[in-house]
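Q: I have a structure to go through for class. Could we work through it together, step by step?

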Amino acid sequence: MAAAAKAARASGMSAASEAEEKMMKQLPKGFVELGTSMHRDFDAIAADAEKTKDPKRTLSLLSATLQKCIGCHAGYQVRLRSAASPKK
């Protein structure tokens, strides 16, 4: 559980604070909100893993958090245009 807590914490708010402020201002508000929520969830997973030491509970929390990841990746995508395609 200590390894699970360490891994979760690596994706927590400390990871979010490494993002450049300039970049964050250019991202859609919904993306930033989902990202912040996800980073907070990872901090909560880490704390819960350390406190309860219950793998089933930790996996349940992780599953709920990963649903946010899936939703965000489905809704926000960067698509590159090929050099030959016309600009819209």
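Predicted model: local features only at pLDDT ≥ 70, side-chain atom pairs only at ≥ 80, totals over all residues.

Q: OK, which residues make up the largest nonpolar core here?

A: The largest nonpolar core has seven residues in all: Ala5, Ala8, Met38, Phe42, Ile45, Ala46 and Ala49. At least two residues of this core come from each of helix H1 (2-10) and H4. H4 provides the largest share, five residues.

Q: And what does Ala8 touch, leaving out residues up to four places away in sequence?

A: With those left out, Ala8 is in contact with Phe42, Ile45 and Ala46.

Q: Let me step back. How many helices and strands does the protein have?

A: There are five helices and zero strands. Read from the N terminus, the order of elements is α-α-α-α-α.

Q: What about its overall dimensions?

A: The radius of gyration of the protein is 16 Å, whereas a compact globule of 88 residues would have one near 12 Å. Taken along the principal axes, the C-alpha atoms fill a box of roughly 55 × 25 × 20 Å.

Q: What share of the residues is buried?

A: Of the 88 residues in the protein, 16% are buried.

Q: Back to H4. Is Asp48 buried or exposed?

A: Asp48 lies in helix H4, which covers residues 29-52. Its relative accessible area is 9%. Buried means under 20% relative accessible area, so Asp48 counts as buried.

Q: Which residues does Asp48 touch, again not counting those up to four places away?

A: Asp48 touches Lys53, Arg57, Thr58 and Leu61 on that basis.

Q: New topic: what is the volume of the largest pocket?

A: The largest pocket has a volume of about 330 Å³. Its lining has 17 residues, and the closest to the centre of the pocket are Phe31, Gly35, Met38, His39 and Cys72.

Q: How do the lining residues divide into nonpolar, polar and charged?

A: Twelve of the lining residues are nonpolar, four are polar and one is charged.

Key
Residues numbered from 1 in each chain as written. Heavy atoms only, no water. Helix = DSSP H or I, 4+ residues; strand = E, 2+ residues; numbered from the N terminus. Buried < 20%, exposed > 50% of the residue type's maximum accessible area, 1.4 Å probe, protein only. Contact = heavy atoms within 4.5 Å. 1 Å grid on protein atoms, 1.4 Å probe; cavity = no way out; pocket = protein on both sides within 12 Å on 5 of 7 lines; lining within 4 Å. Points joined across faces, edges and corners; volume = space filled by probe spheres on them. Nonpolar A, V, L, I, M, F, W, Y, C, P; charged D, E, K, R; others polar. Core = buried A, V, L, I, M, F, W, Y, C linked by side-chain atoms within 4.5 Å. Rg over C-alpha atoms; globule rule 2.2 N^0.38 Å.
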